[in-house]
Amino acid sequence: MDTVVIDGALGVLAENKQRWARLPVREKIGYLDTLRLRTNDAAADWVAAALTAKGLSPTSPLAGEEWMSGPYALLGWLNAALTTLRAVERGGDPLEGLKVWARPDGQVVVRVYPTDLWERLLLNAYAADVWMDPSVTLDSLPDTVAAFYRESDPEGAVSLILGAGNIASIPPLDLVYKLFAQGHVGIVKTNPVNEYLVPIFERIFAPLIDEGFTRFVRGGAPEGAYLTGHELVDDIHITGSARTHDAIVFGSGAEGARRKAERRPLLTKPVTSELGGVSPTIVVPGPWTEADIGFQAEHLASQKLHNDGYNCIASQVLVLPSGWSGTDKLIGALRSTLAQVEERPAYYPGSDERQNAAISHYPAAERLGAGAARTLIVGVDPGDAGAYCFNEEFFAPVYATTMLPESDPDDFLRAAVEFSNETLIGTLGANILIHPKTAKDLGPRLESAIADLRYGTVAVNTWTGVGFLMGRAPWGAYPGATIDDVQSGIGFVHNALLFDKPQKTVVGGPFQPFPRAITQGQFHIAPRPPWFVTSKTAHIVGERLTRYAADGKLWRLPGIFSAALRG
């Protein structure tokens, strides 16, 4: 471990933290613009490096994941933050033009997607709403937006970002949030799994590095421990697992467990975090057709197999009604899809061990695919609160199902919400799949179920991962966790509209693909959303979306639409 390099990096940041905090908004806007240009310039190299590390071909549709969850995600945030800071600079309201309303109980909601015609075209029938903390009112909402930029004499700080090793955009997204939302300078320690991206990140952030506002360092646990305890680090943001969080905050082994039980952390600096958990997908019974079952089976497989399951937000437990005629059909279609989706190398360390651990708890688990690379566990007892799959994040291509006895849609949904809240560990994200007719029949009871779910992002007829890509939407666990019971984390990131008190993000999408292609009288699943692991054109769409996000040139849209319609 080169402590001289780390000390030097932190020394430079500490010298410049006050200058950054008080830098005029106009200059920060200039940095955002520069970052956008530099991200576009580095995008192809970024994606190529990730594909090589993960053993994927650039001509495989799976390459689309690296475009969309890499440079595209960062560009989306930069664009949204530019709009916000431009409003701040001119003394305007960052929420101007957005739909804002109060639910019947008074909770304030802001629609953050779509915001213009082009967003409506790019993601037809998708929407994202941010639900505020119940303490926020319609009158007080403006005072809870961009609070940092209303401070007359803000104090600077040095933030340590302990980066994730799975999704490539997480470290730079966490960094820009610290820089532009909180006014902190930042040092990023990358995870050893993806430290190959450091040269790409340094290339993108070169202007901020040159001015002493940002640094990147490599290393493992020893470097992380040295950084977290360093006197020049003012606060810390962690992306990882709750186990890693607790080891950092309380220490490891018996002594760490004792400290946690006694609420005596070793680390007393402010710590925010985005951690994993066991994410449910709730399937509400309804009048599903064979075409619906086929489409949603691919949807479920994508919720699990995006990045081969190495996602903190991967769906892990499929919650089904036992008395519904569609349950066995959906499990059968999911089984078939898991077996047929293109296989990929298990690049993330420990994947095989975690998969084998799941199988050891469920000997009847099915190994699927040519290389037996996927695992399906059917029929876990929902009454077994201590079940392994309810309490341990798989972080691997392993899917479990459980069935509740309720068959009435309303009764089932209420039971599924209670099961998810009370039995599954974690509070990051939950998904609901529901037929439009059933949703209409339930009316306000569906919104009540969404309100009752204690998750930071709730997705209806789409995947919570879509919320990750929407830069204006806050991303993080449901509020209320504590340092000794961290669940899926404390605080939010992304959040380009700079809400101070968000509670959750609710993302909605279409239950059926549109338009649905018909060939020889049969329904076929086309077009697929480009984040589906079954999309045939995701690599093309992903690159074209990235280039459009970089320059906003409208002539790019027809190419995006034509590729998407072939998906």
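**Exercise 1. Which residues is Thr39 in contact with, leaving aside its neighbours within four places in sequence?**

Solution. Leaving aside those neighbours, Thr39 is in contact with Trp46, Pro71, Leu74, Leu75, Leu78 and Ile204, where contact means heavy atoms within 4.5 Å. The model is predicted, with local features needing pLDDT of at least 70 and side-chain atom pairs counting only at pLDDT 80 or more, while totals for chains, interfaces and linings use all residues. Residues are numbered from 1 along each chain as its sequence is written, and side-chain values use heavy atoms, with hydrogens and water left out.

**Exercise 2. Describe how helix H3 (residues 63-89) and helix H19 (residues 538-551) pack.**

Solution. Begin with the geometry: the axes of H3 and H19 are 8 Å apart and the helices pack at an angle of about 15 degrees. Axes are lines fitted to C-alpha atoms, for helices over the stretch in contact, and angles run from 0 to 180 degrees between N-to-C directions. H3 and H19 are therefore roughly parallel to each other, since angles under 35 degrees count as roughly parallel, over 145 as roughly antiparallel, 65 to 115 as roughly perpendicular and the rest as oblique. H3 passes H19 in a left-handed crossing, a term for a near helix turned anticlockwise from the far one by less than a right angle, with right-handed used if the turn is clockwise. Then look at the contact, in which H3 contributes residues including Trp67, Met68, Pro71 and Leu75, and H19 residues including His539, Leu545 and Arg547. By class, the contact of H3 with H19 has 10 nonpolar, five polar and two charged residues; Ala, Val, Leu, Ile, Met, Phe, Trp, Tyr, Cys and Pro count as nonpolar, Asp, Glu, Lys and Arg as charged, and the others, Gly among them, as polar.

**Exercise 3. At what angle do the axes of helix H11 (residues 290-305) and helix H12 (residues 326-340) cross?**

Solution. The two axes come within 8 Å and cross at roughly 55 degrees, and H11 and H12 are therefore oblique to each other. Their crossing is right-handed. Among the residues that meet are Ile293, Ala297 and Leu300 in H11 and Leu330, Ala333 and Leu334 in H12, and the contact divides into nine nonpolar, three polar and three charged residues.

**Exercise 4. In what order do the 11 strands of the open sheet stand?**

Solution. The order is S1-S2-S3-S18-S15-S14-S9-S10-S13-S12-S11, with mixed pairing; two strands pair if DSSP finds at least two bridges between them. At the edges stand strand S1 (100-102) and S11, each of which pairs on one side only, and the twist averages 20 degrees from one strand to the next. Now turn to strand S13 (residues 398-404), which is mostly covered, six of its seven residues being buried. Strand S10 (residues 315-321) pairs with S13 in the parallel sense over five bridges, with Leu404 as the bridge partner of Pro321. Strand S12 (residues 374-380) and S13 are likewise paired in the parallel sense, over four bridges, and here Ala400 is the bridge partner of Ile377. Lastly, H12 lies across strand S9 (279-283), S10, S11, S12 and S13, running at about 165 degrees to S12.

**Exercise 5. Examine the backbone at Pro114, Ala372 and His494.**

Solution. Keep the background in mind: most residues other than glycine have a negative phi, and most peptide bonds are trans. Tyr113 and Pro114 are joined by a cis peptide bond with omega of about -5 degrees, and Pro114 is placed in the loop between strand S2 (108-113) and helix H4 (117-122). Ala372, although not a glycine, has a positive phi of about 50 degrees; Ala372 lies in the loop between strand S11 (366-368) and S12 and counts as partly exposed at 23% relative accessibility. His494 has a positive phi of about 60 degrees, again without being a glycine; His494 lies in strand S17 (residues 492-494) and is buried, with a relative accessible area of 2%.

Definitions and conventions:
Buried means under 20% relative accessible area, exposed over 50%, partly exposed in between (1.4 Å probe, protein chains only). Helices (H or I, at least four residues) and strands (E, at least two) are DSSP runs, numbered from the N terminus.
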